[in-house]
Amino acid sequence: LFPHIAELCQSLSPESAVAQGCAIQAALLSGMVPHSEIESAMMLDVLPHAIGVLQPDGNTMVEVLPKDAPLPAQGHATFTLQDVQQRGVTVIAVEQTTDQGLVRVGEFTFLLHRLSERRLPERREIKIAFHMDPSGAFSVSFFDELDPEHVWKRQQYQHGESSALMKLLMIPPPSERNEEDFPWSLSIAVAILAVMYVVAKLLFHEVEESAQIL
C-alpha cells in the first residue's frame, strides 16, 4: 500500500491517530479555526499497549508503563527479592495486547551488590524502571537502596557535582560506604597520593639542581 515508505510507524494508536486526524480536517473544512492554530496542532506519539514486568506465574504482569502514555514515557515499580543475598535478578518485560495477550518485549539480567553478612536486612527491595523514547527504543534499569554505588550516583544526579577526588576514585560518601568496600577504596586513594608525591618530589628536585647551576 505504501511502497515509498520503508517502515511504517507502529508506536501510534490507530484509533487516536484517526480521531485526531478527523478533528484537524473538520477544523480546516469549517473555516472557523485560524490556520495558525491548526498548524501548531501536535500529533503526539503514545504507547499502543501497556508494558510491565512478567510475574512468576507467567500469566500476569505488574504494569510499569500504562497504555496511551505520551512518548517519551518512563515509570517504575518496586519489587521484593526472594533472597536478600541473591546474586542477580532477571526482568522479563512484556506488553499487554488485546489479541495475543502478553507479548515478550525483552529479557534483562542485572547483577546485585553482595551485602555484608553482619548487616543483612530482613527483606530487600529494588525498583525496576522502564523508558521508551519517541523512536521506539526501550530500556530497563534498576535501583537498589542497599547498593552504596547506586545511592551515591543518585545523590550526585540530584545534588550536582561532587569533589574531583571522589569522582575520580568513584568512592561513595562515608555515610553510604560499605564496610567491606572501604579498604579497597582507601588503598586506591593512598596509591594515587603516593604517586603524586613522588612526581612532585622529582619536579622540585630538578628545579633545585637548575638553581644551583645558575
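How many helices and strands are there in the chain? There are five helices and seven strands.

## Model and fold

This is a predicted model: local features need pLDDT of at least 70, side-chain atom pairs count only at pLDDT 80 or more, and totals for chains, interfaces and linings use all residues. Residues are numbered from 1 along each chain as its sequence is written, and side-chain values use heavy atoms, with hydrogens and water left out.

Read from the N terminus, the elements run α-α-β-β-β-β-β-β-β-α-α-α. Helices (H or I, at least four residues) and strands (E, at least two) are DSSP runs, numbered from the N terminus. The chain has 214 residues, and buried residues make up 27% of them. Buried means under 20% relative accessible area, exposed means over 50%, and partly exposed lies in between (1.4 Å probe, protein chains only).

Two strands pair if DSSP finds at least two bridges between them.

Strand E4 (residues 88-97) pairs with E5 in the antiparallel sense over 10 bridges. Val 91 has Phe 108 as its bridge partner in E5.

## The three-stranded sheet

Another open sheet is formed by three strands in the order E3-E6-E7, again with antiparallel pairing. Strand E3 (73-80) and E7 stand at its edges with a single partner strand each, so one side of each is left without a neighbour in the sheet.

E3 and E6 pair in the antiparallel sense over eight bridges. Thr 78 has Lys 127 as its bridge partner in E6.

## Salt bridges

Side chains of opposite charge can pair when their charged atoms come close. A salt bridge here is a side-chain nitrogen of Lys or Arg within 4 Å of a carboxyl oxygen of Asp or Glu. The count comes to five salt bridges. One of them joins Arg 124 and Asp 144, at 2.4 Å from N to O. Arg 124 lies in the loop between strand E5 (101-111) and strand E6 (125-132), and Asp 144 lies in strand E7 (residues 138-144), so the pair ties together parts that are 20 residues apart in sequence. Is this pair buried or exposed? Arg 124 is buried, with a relative accessible area of 0%. Asp 144 is buried as well, at 1%.

Glu 107 and Arg 104 meet in another salt bridge, at 3.1 Å from N to O. Glu 107 is partly exposed, at 48% relative accessibility. Arg 104 is exposed, at 51%. Arg 114 forms a salt bridge with Glu 117, the closest N and O atoms being 3.8 Å apart. Arg 114 is exposed, at 51%. Glu 117 is exposed too, at 54%.

## Aromatic pairs

The whole structure holds three aromatic pairs. Rings of Phe, Tyr and Trp (its six-membered ring) pair if their centres lie within 6.5 Å; planes under 30 degrees apart count as stacked, over 60 as edge-to-face and the rest as tilted. The ring centres of Phe 110 and Phe 142 are 4.9 Å apart and the planes stand at 45 degrees, so the pair is tilted. Phe 110 lies in strand E5 and Phe 142 in strand E7, so this pair ties together parts that are 32 residues apart in sequence.

Phe 110 is buried, at 16% relative accessibility. Phe 142 is buried, at 15%. Phe 108, Phe 130 and Phe 138 form one aromatic cluster. Phe 108 is also the bridge partner of Val 91.

## A nonpolar surface patch

Val 195, Val 199 and Leu 203 make a nonpolar surface patch of about 270 Å². Patches are made of residues with over 30% relative accessible area and no salt bridge: like charges are joined within 9 Å, nonpolar side chains (Val, Leu, Ile, Met, Phe, Trp, Tyr) within 5 Å. Accessible areas come from the Shrake-Rupley method with a 1.4 Å probe; for residues, only the protein chains shown count as cover. Val 199 lies in helix H5 (residues 182-213). Val 199 is partly exposed, with a relative accessible area of 44%.
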